[in-house]
Amino acid sequence: MKTDHAPSSVRALTVHAPRAPLSGSVHVPGDKSISHRSLMFAALARGTTHITGLLEGEDVLRTADAMRALGADITREGAGQWCVQGCGLDGLREPADVLDMGNSGTAARLLSGILASHGFTSVMTGDASLRGRPMKRVTDPLAATGATFLSRQGGRLPLAIAGNANPPPLAYRLPMASAQVKSAVLLAGLNAAGETRVEEPVATRDHTENMLRHFGAQVRVEPMGAGGRVITLQGRPDLVARDIVVPGDPSSAAFVLVAALLVPGSKVTVRGVGLNPLRTGLFTSLREMGADLAISNERVEGGEPVGDLTATAGALHGVDVPATRAPSMIDEYPVLAVAAAHATGQSRFRGLEELRVKESDRLAATVALLEANGIKVDVVGDDMIVHGTGGAIPGGGLVETRMDHRLAMSAIVMGLAARKPVSVDDTAFIDTSFPGFVGLMNSIGAGLAA
Ligand code: S3P
């Protein structure tokens, strides 16, 4: 089976600084985390769920295909408008073929929790990036459900799961800050009689908790220690279809907003961005760097806080980002590193160990992105130190994006802010999370070759 992009679909790009400032007001696609969960939870509920604003990126389309293969009836009714006829909690059926999760760790890890607690056998695979990512972080805790897992060495995909329809409830303390692992354990608990309990020493994004509640589950969240949480889920809930409005993805808005902060004279608004406090660490860090980032029109939509963000270009200075903030901006470090390269003075990002196991080793790939473009970077333990140029990023490098969408978009932002053009080896993976990125950037004046 061929799941990687064929070489013919590689899309190289050379990015020049635009001749004029960026300006305009745009919407970014729907939140990736919420989109995956919408399809999965709607498939587990009884009845019909209508989803508005679903991200139609490749990652989420893989989840839609997988949930269809497991028996849910999923139809696209218009742009971002999807309808899911759920199967009920016990209603999923054995898939007839291997489930291909493409590039998506979220899809693979969350689905593992669901599949571990269903009484049939399934096999998951993914593209070369996903097949290289660790799955033991979910299969280790999920083994206590009585499910059996057979994987390649080091717990890598392809992964076969023989689930147990009558799992005991789990109690698990997360050894790493991961919403994906937390979610996998909670989802296995849906089919368990009794209380599933997850302790997280540092709070991670809470979309699973919020959305399971929205569908009718009883989920309790209590504070634990300094910044941690204990989450308790009552098993075998009656999940009932409920409509969902997906907010704009703050992790996608990040690229547009940082580009506007760095290209002199720019002013850009991104409307309808999700502002869940467990996702907004980047915006806090940018403000600490002196960024002019204004929030207006704050409201609650579909149970999530949402607002319009306006970025106005201006000088930035270095920042020290504490490790405790990492989970709330884990996907934003590559683009924050570009902002730090542009800033005056040194920036230090602490506690980046989880970056090593993303779509690429994002710590190494971000260092390579910066160094290829004339920026001095140090890695000390799990910290990254970026030496800013005071608005004078040399550029001129070739960035290897390593099947990683966020690397590709960060490289494009760097090219818009650099003195010499930045070449990007492949932008095709941007479609996993931000279809239409190049066109959207051009609509605000980026002048990227389409
Ligand atoms: C996600 C959690 C994060 C994040 C990923 C989406 C989620 O991963 O990097 O893009 O939707 O739960 P970890 O929880 O493994 O840090």
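**Exercise 1. Work out which classes of residue line the largest cavity.**

Start with the list: Asp 31, Ile 34, His 207, Pro 247, Pro 250, Gly 274, Leu 275, Asn 276, Arg 279 and Glu 304 form the lining of the largest cavity. This is a predicted model, where local features need pLDDT of at least 70, side-chain atom pairs count only at pLDDT 80 or more, and totals for chains, interfaces and linings use all residues. Residues are numbered from 1 along each chain as its sequence is written, and side-chain values use heavy atoms, with hydrogens and water left out.

Next, the terms: a cavity is a set of points on a 1 Å grid over the protein atoms alone where a 1.4 Å probe fits but cannot get out, and lining residues have an atom within 4 Å of a point.

Now sort them: Ala, Val, Leu, Ile, Met, Phe, Trp, Tyr, Cys and Pro are nonpolar, Asp, Glu, Lys and Arg are charged, and the others, Gly among them, are polar.

**Exercise 2. Describe how domain 1 and domain 2 meet.**

First, find the parts: domain 1 covers 13–30 + 247–443, and domain 2 covers 32–233. These bounds come from an automatic or database domain assignment.

Then look at the contacts (heavy atoms within 4.5 Å): 24 residues of domain 1 touch 28 residues of domain 2.

On the domain 1 side, the touching residues are 9 nonpolar, 6 polar and 9 charged.

Note on methods: On a 1 Å grid over the protein atoms alone, a cavity is a set of points where a 1.4 Å probe fits but cannot get out, and a pocket is an open set with protein on both sides within 12 Å along at least five of seven lines; lining residues have an atom within 4 Å of a point.
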